[in-house]
Amino acid sequence: MKDGSFWNKKVECLPEKELRKLQLERLQKIVSYVYERVPHYRKKFEEAGVKPEDIKSLEDVRKLPFTTKEDLFVDYPYGLLAVPKEEIVRVHTSSGTTGKPKAIFFTKNDIELGAELIARCLVMTGTTRGDVLQNSMTYGLFTGAFVMHYGAEKVGVFVVPAGPGNTERQLELMQLFGTTCVHMTPSYALYVASLIAERGIRDRLNLKRAYLGAEPYSEETRRKIEEMLGIDVYNCYGLSEMGGPGVGFECPAKDGLHIWEDAYLIEVVNPQTGEPVEDGEVGELVITSLCREAMPLIRYRTRDLTRVIPEPCSCGRTHKRISRMLGRADDMFIVKGVNIFPQQIESVLMGIKGVAQNYQIVLEGYNDFLVRVEIEKEFFDGRIERLLQLKEEITEKLRDEIQVRPKVELVEPGTLPVSEGKAKRVIDKRKL
Amino acid sequence: MKIKQISVFLENKKGRLYEALKVLQGERVNIRALSIADTSEFGILRMIVDKPEEAKKALEENGFTAKLTNVVAVGVKDEPGGLAAVLAYLYEADLNVEYVYAFVKKAGEEAIVVMRTSNLEKTISVLQEKGVKIFSFEELLNF
């Protein structure tokens, strides 16, 4: 393992006790802050029968009500704003799939906070002055690109604000400016990597690292991209509601994502009951932003599934780690009474030779589902037996993993939706 | 005297076979023989064409998955038992047939049987020994 260096060693390695003390101070402060400034929070707290002075320990956070997506639409769009409107310098919205997008506001300090956290993330993984970061996330209402951009500039990194898509131009930019790191979604990275392999232009690139986030992906996908490109891939996690990327980030140990606990208080709860799960158990991530000004959120239900990794990290940072995202509480689907996450399917598929990058899960009924899998071009040798064997292998391995036997359909390479953004993996045809 | 056959992976999707043949038409590729092996969800289109390399390139450029494989083209009398006689030789030599397809130019004359077996070299030598006609690519095109 390489030695990670530090952007803010004092905070990143703050002894556990001091870190908890700092968190409690900030929690008490932010709870009073929203109680005084946000009528909706005051009302929620009063309904729950809790006052800011009731928060005497970090565990007391559980006395506070959760904030859910629905709360973001109360008195939309300014219902949860905690500062006068004049303090807002930017808005980002979430990539809402239905109806209104979530509107998340930023003050000048919020922008600065996001940049500080990203700076820690980049330096931790070896990106610093002299590096060239090609930022291939969407610039616009989505937080991903901007927050990374500001953080990288803060470190002194040369940023190429490429945005997503137009893969030909991405490859040209990489060669022209000697891009050393990229920031993109994992599904797009797979696509770019396969194009680089196809063109045989790896030698002309100076790529060293990729920061991949905005959609969950498996360890197998990470390894596949690392092998295809000969680079280090770091998993990053964030959400617009918490200010974008940089909430959780992998260090060179690549074993879980550190949450910057001076800025965020995390809990992992049972998605059904809201009760805390044991450390190490999978549940829904709940986050309280401790430092955001414009729109702090208290106990926000992220709907993302993860688990806490309780052991201290070999990198020396004291901030708690969580596992890579194991899916969305909402993506989970139930077939024959079994809870299934798309991540499970993906990790099985990535381990099978002959399977290309794209796949699709089609839910047709409550007792069966279909997995459509692209075959790898090179795998096809004209023999039907070979394809039937592959189909059988996929079916059996999936059944071993999820205990339900899916229908498997092999499709031509390149026919499933190509992912130049967030890949839609699950198609639900059931009439709910 | 192996012959290059082009195999195309086809999803069971409306119009997919037509699209493949349209690509070949656009390249002015002429098809000498054709067969389709299918399962419930996908099929494999196998063809003997006059320009196999060009056909493969054009199909791939149009998003198809194609592969060139070697097969043997055998001349068989167009009469009852013609093909059975050839298969008997292969059976005796312990050769497995993966697939066969045949075409006839004019009834009563010679038919050509395209086949892939477990061992093409051995197939050729066994059949030649028995006096069975093995077609070269040029002969096949002029047939």
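Reader: What makes the strands of chain B an open sheet, and in which order do they stand?
Author: The order is β2-β3-β1-β4-β6-β5 in chain B, with antiparallel pairing. Strands are DSSP runs of E with at least two residues, helices are runs of H or I with at least four, and both are numbered from the N terminus. Two strands pair if DSSP finds at least two bridges between them. Because β2 (31-38) and β5 (97-104) of chain B each have a single partner strand, one side of each is left without a neighbour in the sheet.

Author: A word on sources: this is a predicted model, where local features need pLDDT of at least 70, side-chain atom pairs count only at pLDDT 80 or more, and totals for chains, interfaces and linings use all residues. Residues are numbered from 1 along each chain as its sequence is written, while chains are lettered from A and ligands numbered from 1 in the order in which they are written.

Reader: How do you know that β1 and β4 of chain B pair?
Author: Strand β1 (residues 3-11) and strand β4 (residues 65-77) of chain B share seven bridges, and the definition asks for at least two, so they qualify as a pair. Among the residues involved, Q5(B) has T69(B) as its bridge partner.

Reader: Which strands does helix α1 of chain B touch?
Author: Helix α1 (residues 16-26) of chain B touches β1, β2 and β3 (42-49) of chain B. Contact means C-beta atoms, placed from the backbone, within 7 Å.

Reader: What is V8(B) in contact with, leaving aside its neighbours within four places in sequence?
Author: Its contacts include A20(B), I44(B) and F64(B).

Note on methods. Two residues are in contact if their C-beta atoms, placed from the backbone, lie within 7 Å. Axes are lines fitted to C-alpha atoms, for helices over the stretch in contact, and angles run from 0 to 180 degrees between N-to-C directions.
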